Amino acid sequence: MKPLLEVRDLDIAYSGSRGRMPFRRERADAVVRGVSFTVGANETVALVGESGSGKTTIARAIAGLLVPSRGQILFQDRDIGARVEQRSKELHREIQLVFQNPDSSLNPRRRIRSILDRPLRFFFRLSRRARRERIGELLQDVHLDPRYMHRFPRQLSGGERQRVAIAGALAAEPKLILCDEIVSALDVSVQANILDLLRELQAKRGISYLFIAHDLAVVRWLAQRVLVLYRGHVMEEGTSDEVFSRPFHPYTEMLLKSVPEPDVSRPLLAVAETDGRTDGVGWTGKGCPFSSLCPRHLGSICDEETPPRRRVSPTHALLCHIPPAELAAAQASLDSLGDGAASHRASGS
Ligand SMILES: Nc1ncnc2c1ncn2[C@@H]1O[C@H](COP(=O)(O)OP(=O)(O)O)[C@@H](O)[C@H]1O
Ligand code: SF4
Ligand SMILES: [Mg+2]
């Protein structure tokens, strides 16, 4: 079956100043490079990586807010990447974006009913009365009391506001929701409730998600497939089970080691042994993007040569000079590494 969304060899570069549209640049300036993946109907694909790895940039390109400098974005087999302004209303409706901070989408001066009324008015021809009914249903869909429609966002908790933001996306009856760190600011127990809600909505409505997180543990039981992003490159991709078991990409290994238990206050990356190599802020695009921090760094080959994308299985691939069998052998003592992520779920619910 054809995927719902297909991203092919995407490069995205920003022009010099923040906030301006990106335009065609040299590949070396791209903050997202050669990224390819698919999201199937009724599927959740997770995009994981630390801050600055390019997750939001990819989501914005799919949402039509940025024009990629290279590559293609296909939605239901149609190329939607090139001309943002040419996107149809239908396409805007079918792909919805939810952000980490619900306050960016919830106008503090409007009541919830007016916030949810906007997408309904914009996308559908419905009577006032039908819209009001629909708003009540949407709130129920995200497990909020319909009476919440009379409240202002500030009268809701962070988790409740995020539910309203999800209801706002649902109002459009989308096929794909891009969830950009939507649980990252919430407590672990509230996170688990929102993740449960996403799964329930998927089961009911067959929605697909591109679920973006900086915490691998959060995505383990939610996503069928996971992409691990570092400096705009997909370092590892596979099914959830594959990414959470050996061989791990050295960067995935580092991410998993840094979050043995759920603790949102913990820094994302453990301090790694890097033999005096410094963080590659000045990485020039040569060699492996992770070479300056990699605990399994091999030597000059990692600094000089672009690593190959090695297939472990038809669905699992690693970007590394170390062959998967060698990585797996070197990681023999790490068999339980992915399990911390499973306990995250157990303790969070
Ligand atoms: N508007 C912008 N202008 C210039 N650079 C940007 C802009 N937005 C993000 N960047 C840069 O692009 C890279 C990826 O950012 P982003 O996609 O926000 O990462 P993530 O969502 O993974 O934290 C970062 O290096 C960031 O500094
Ligand atoms: S290519 Fe080298 S630096 Fe990059 S992840 Fe593999 S071992 Fe580490
Ligand atoms: Mg981001």
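**Figure 1. G206 in the loop between α6 and β8.** In this predicted model, G206 sits in the loop that links α6 (188–205) to β8 (208–213). Leaving out residues up to four places away in sequence, G206 touches A41 and N42. K175 is 31 residues away from G206 along the chain, yet their C-alpha atoms are separated by 7.7 Å.

**Figure 2. The largest nonpolar core.** This core has 92 residues. A46, I62, L178, L210, F211 and V219 have the most contacts inside it. Helix α5 gives the largest share of the core, seven residues. Domain 1 (5–214) and domain 2 (227–348) both contribute residues, so the core lies between them. In soluble globular proteins, nonpolar side chains tend to be buried together.

**Figure 3. Contacts of L178.** L178 is among the residues with the most contacts inside the largest nonpolar core. What does L178 touch, not counting residues up to four places away in sequence? Its partners are A59, I62, A63, I95, L97 and L210. Of these, I62 and L210 are also listed among the core residues with the most contacts.

**Figure 4. Helix α3 and its cover.** Helix α3 runs over residues 112–123 and has 12 residues. From its first C-alpha to its last, α3 reaches 18 Å, close to the expected 16 Å. Which residues of α3 are buried? They are I112, I115, L116, D117, P119 and L120. The cover over these buried residues includes α4 (128–141) and α5 (158–171).

**Figure 5. The shell around ligand 1.** Around ligand 1 there are 12 residues. Y14, V31, K55, T56 and T57 come nearest. By class, the shell holds eight polar, two nonpolar and two charged residues.

**Figure 6. The shell around ligand 2.** Ligand 2 has 13 residues around it. Those that come nearest are C288, C294, C302, P307 and C320. Nine residues of this shell are nonpolar, three are polar and one is charged.

Figure 7. Most residues other than glycine have a negative phi. D9 has a phi near 50 degrees, a positive value. D9 lies in strand β1 (residues 5–12). D9 is exposed, because 12 other C-beta atoms lie within 10 Å and exposed means 12 or fewer. H143 is not a glycine either, and its phi is positive at about 60 degrees. H143 belongs to the loop between α4 and α5. Is H143 exposed or partly exposed? With 13 other C-beta atoms within 10 Å, H143 is partly exposed.

**Figure 8. The cis peptide bond at R246 and P247.** Most peptide bonds are trans. The bond that joins R246 and P247 is cis, with omega about -10 degrees. P247 has its place in the loop between α8 (240–243) and α9 (250–258).

**Figure 9. The protein as a whole.** The secondary structure comes to 12 helices and 12 strands. Of the 349 residues, 44% are buried. Among contacts between residues at least 6 apart in sequence, 66% join residues at least 24 apart.

Definitions and conventions:
Residues numbered from 1 in each chain as written. Chains lettered and ligands numbered in written order. Predicted model: local features only at pLDDT ≥ 70, side-chain atom pairs only at ≥ 80, totals over all residues. Helix = DSSP H or I, 4+ residues; strand = E, 2+ residues; numbered from the N terminus. Expected span 1.5 Å × (residues − 1). Buried ≥ 20, exposed ≤ 12 C-beta atoms within 10 Å, placed from the backbone. Contact = placed C-beta atoms within 7 Å. Near = placed C-beta within 6 Å. Nonpolar A, V, L, I, M, F, W, Y, C, P; charged D, E, K, R; others polar. Core = buried A, V, L, I, M, F, W, Y, C linked by C-beta atoms within 7 Å. Domains from an automatic or database assignment.
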